[in-house]
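Good morning, colleagues. I shall take a few minutes to walk through one protein model, going from the whole chain to single residues.

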Amino acid sequence: MRLAGLILAMMLAASSAAKVVYMCASGSDAGDGSIRNPYATLPAAYKAIEGGDTICVRGGRYYVDDSQVMKIVGSYACVFALDKAGTAERRTCVMGYPGERPVFDFSALQMEDRIAPVCEALKLPETVIPLCTIVIGHPAEQPEPKDKWKPENVSYNEFGGNDSK
């Protein structure tokens with residue numbers, strides 16, 4: 001009876017444990033995500049996990065291209081769209097393998113259909129690739145215009161003078 005209880009407790013502990021999936025620059029997305037058969041890309045590894053699991057990224061250079069964009073939101077391409085948060089007790093984690101250093105290389109990322117309109121609108125030369133744009137404004141509100149006009153600050157005849165109009 002005690003042995004059955006111990007086995008049941010071990011099975012329950014194993015089923016509630018977070019899964020660890022591995023990535024390696026020399027891996028394959030056809031792998032199973034184990035330490036011996038790691039995935040090669042973050043999208044493949046991310047598809048294999050649930051909230052609360054861990055992706056362990058081995059050291060090496062990861063070349064990211066357009067096929068690895070995980071989500072498109074409006075005019076933004078999200079290369080890493082991580083939305084499987086887990087819970088407060090068991091958070092989703094993407095971490096480097098201990099003692100190793102992964103490097104993500106975005107030089108192959110083009111997204112031509114998104115870059116061309118920005119280059120055209122900003123009149124950028126072909127040698128410049130915009131990585132992001134900064135939106136300035138108040139899209140969710142309508143602020144009242146501010147009147148900064150002060151007639152006493154206007155000089156009609158000379159710079160800095162306090163002459164008559």
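Among the contacts in this predicted protein with a separation of 6 or more, 61% are between residues 24 or more positions apart; a contact here means heavy atoms within 4.5 Å. Because this is a predicted model, local features need pLDDT of at least 70 and side-chain atom pairs count only at pLDDT 80 or more, while totals for chains, interfaces and linings use all residues. Residues are numbered from 1 along each chain as its sequence is written, and side-chain values use heavy atoms, with hydrogens and water left out.

The protein has 165 residues, of which 20% count as buried. Buried means under 20% relative accessible area, exposed means over 50%, and partly exposed lies in between, with a 1.4 Å probe and protein chains only. The exposed surface comes to about 12,700 Å², with 57% supplied by carbon and sulfur atoms; this area comes from the Shrake-Rupley method with a 1.4 Å probe, and for residues only the protein chains shown count as cover.

Turning to secondary structure, the protein contains three helices and seven strands. Both are DSSP runs numbered from the N terminus: helices are H or I with at least four residues, strands are E with at least two. Along the sequence, the pattern reads α-β-α-β-β-β-β-β-β-α.

What is the order of the strands in the open sheet of three? The order is β1-β2-β6, and the pairing is parallel. Two strands pair if DSSP finds at least two bridges between them. At the edges lie β1 (20-23) and β6 (93-96), each of which pairs on one side only. From one strand to the next, the twist averages 20 degrees, where axes are lines fitted to C-alpha atoms, for helices over the stretch in contact, and angles run from 0 to 180 degrees between N-to-C directions. Strand β2 (residues 54-57) is joined to β6 by four bridges, and Val-57 stands opposite Gly-96 in β6.

Next, the cysteines. The structure holds zero disulfides, a disulfide being a pair of cysteine sulfur atoms within 2.5 Å. For Cys-56, the nearest cysteine sulfur is that of Cys-93, 8.3 Å away. Cys-56 counts as buried because its relative accessible area is 5%. Cys-24 is also buried, at 18% relative accessibility.

Finally, Arg-90 sits in the loop between β5 (76-78) and β6. Is Arg-90 buried or partly exposed? Its relative accessibility is 29%, so Arg-90 counts as partly exposed. Arg-90 and Gly-51 are 39 residues apart in sequence, with their C-alpha atoms 7.9 Å apart in space.
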